[in-house]
Amino acid sequence: MTTRTPLAFALIAAAALAGCNQESHTIGPGAENAEADAPASPPVLLPPSISVSKIYRCADNRVVYVDWLSDNKSANIRTEQTGTPTQVTAAEAGGEMTAAGGYSLSGTSAASSAKVGTPGHAAQSCKA
């Protein structure tokens with residue numbers, strides 16, 4: 001008797017589910033034309049990716065970590081390997097990149113040296 005009860009419940013549940021309508025339903029007024037009525041959205045602009053990461057040793061013997069970004073107009077500078085990055089940007093590709101607080105970066109990701117400035121340190125030549 002106890003083995004028939006779970007089997008009976010399973011058969012009843014299967015029969016109840018078989019009777020469900022499988023059509024898609026639109027809930028809410030005017031939802032069937034929501035895509036046609038939606039305003040055109042502007043294209044999504046993704047942030048630049050890291051193209052090259054380099055470690056530089058500067059003239060005063062400090063180490064700076066630079067992640068060059070793929071837009072060639074921005075980079076991330078860190079003064080500690082696991083520190084918080086500060087993004088420097090330039091108006092045009094290849095120009096000097098700056099950020100508030102005294103951060104600056106000149107050079108390219110392909111070069112073996114760059115001119116890097118950080119808070120409390122004037123911009124100076126640093127080698128990768």
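Biologist: Why is N72 called partly exposed?
Modeller: N72 has a relative accessible area of 46%, and since buried means under 20%, exposed over 50% and partly exposed in between (1.4 Å probe, protein chains only), N72 is partly exposed because its 46% falls between those limits. This is a predicted model, in which local features need pLDDT of at least 70 and side-chain atom pairs count only at pLDDT 80 or more, while totals for chains, interfaces and linings use all residues. Residues are numbered from 1 along each chain as its sequence is written, and side-chain values use heavy atoms, with hydrogens and water left out.

Biologist: What makes the phi of N72 worth a remark?
Modeller: The phi of N72 is positive, at about 60°, although N72 is not a glycine, whereas most residues other than glycine have a negative phi. N72 lies in the loop between strand 2 and strand 3, a strand being a DSSP run of E with at least two residues, numbered from the N terminus.

Biologist: Why is N61 called exposed?
Modeller: The relative accessible area of N61 is 52%, which is over 50%, and therefore N61 counts as exposed. N61 sits in the loop between strand 1 and strand 2, and it too is a non-glycine residue with a positive phi, of about 75°.

Biologist: Is S104 buried or exposed, and how do you know?
Modeller: S104 is buried, because its relative accessible area of 11% is under 20%. S104 belongs to strand 6 (residues 103-106), and beyond its neighbours within four places in sequence, its contacts (heavy atoms within 4.5 Å) include I77, V88, M97, K115 and V116.

Biologist: How do you know which strands pair with strand 6 in the antiparallel sense?
Modeller: Pairing requires that DSSP finds at least two bridges between two strands. Strand 5 (residues 97-99) and strand 6 are joined by 3 antiparallel bridges, with M97 opposite L105, and strand 6 and strand 7 are likewise antiparallel over 3 bridges, with S106 opposite K115; both therefore meet the requirement.

Biologist: What makes up the largest nonpolar core?
Modeller: A nonpolar core is a set of buried Ala, Val, Leu, Ile, Met, Phe, Trp, Tyr and Cys residues joined through side-chain atoms within 4.5 Å. The largest one here has 15 residues, of which V66, W68, I77 and L105 touch the most other members. Two or more residues come from each of strand 1 (50-58), strand 2 (63-69), strand 3 (74-78), strand 6 and strand 7 (113-118), and strand 2 gives the largest share, 3 residues.
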